[in-house]
Amino acid sequence: MIPYRQGGTVRLIDTGNGMGFFPSIYWTRVVMPNWEDISWEKVLKPRYFIKHGACLYCPVACHKVVRSSNGEYDLEYETTMALGGLTGVHDPQKLIDLAELADRLGFDTISLGNTIAFLIYLGERGIVKDAPKWGDYEGIRRLIIDTAYRRGLGELAALGTKQLPRSWGFRTLRFMLRALNRPLTTQGL
């Protein structure tokens, strides 16, 4: 058994995809296409890992500080799942850079990744215009910035998945998804 400190939360990328419980492509798949490109053991650890990181006063140090385009970034599983798995971004450097950009702009990467993936999902179905495509780094990067400044589609993204359905007359995301005939759960989760 690998000690938790050694693999941290990011090793769940490998475990989740290997066992079929890694949420991806806005909760419609349980294994991310091309997930090996962001594998902790095969890619992130050997090419990007710098040091262990920890929450204040935590002895476990499960965070992994990795190389980013701007120096270092404290990467966690939830960020890789939301900004990578849910949006389809599988290039490790681009994923790290998106996460760092989101953090610098003050976003919670989990909420932001979920909202962007939802908009991609709606764009794919013709419900919203100008949404990026799955794995579209430049489009997703632009949407993150537009969300911070509430421009274009970023105005909708800034509402988040709780308020976005309400802006279209649905009480919750659950009712909106039912109206779209989208399943409420993902197989295997």
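Tutor: Here are some questions and answers on a model that is predicted.

Student: Why is helix α4 called largely enclosed by the rest of the structure?

Tutor: Buried means under 20% relative accessible area. Eight of the nine residues of α4 (residues 77-85) are buried, so the rest of the structure largely encloses this helix. Among them are Y77, M81 and L83.

Student: Which elements do the buried residues of α4 pack against?

Tutor: They pack against α2 (12-19), β3 (71-75), α5 (92-104) and α6 (109-124). Contact here needs heavy atoms within 4.5 Å.

Student: What makes β1 and β3 the edges of the sheet?

Tutor: The sheet is open, with three strands in the order β1-β2-β3 and antiparallel pairing. β1 (49-53) and β3 each have a single partner strand, so one side of each lacks a neighbour in the sheet. From one strand to the next, the twist averages 30°.

Student: How do you know that β1 and β2 pair?

Tutor: Pairing takes at least two bridges. β1 and β2 (residues 63-68) have four, in the antiparallel sense. G53 stands opposite H63 in β2.

Student: Where does α5 lie?

Tutor: α5 lies across β2 and β3, at about 105° to β2.

Student: How do α6 and α9 cross, and which residues meet?

Tutor: The axes of α6 and α9 (residues 160-167) come within 9 Å and cross at roughly 40°. N114, T115, F118 and L119 in α6 meet G160, T161 and L164 in α9. By class, this contact has three nonpolar, four polar and no charged residues. Gly counts as polar here.

Definitions and conventions
Residues numbered from 1 in each chain as written. Predicted model: local features only at pLDDT ≥ 70, side-chain atom pairs only at ≥ 80, totals over all residues. Heavy atoms only, no water. Buried < 20%, exposed > 50% of the residue type's maximum accessible area, 1.4 Å probe, protein only. Helix = DSSP H or I, 4+ residues; strand = E, 2+ residues; numbered from the N terminus. Axes fitted to C-alpha atoms, helices over the stretch in contact; angles between N-to-C directions.
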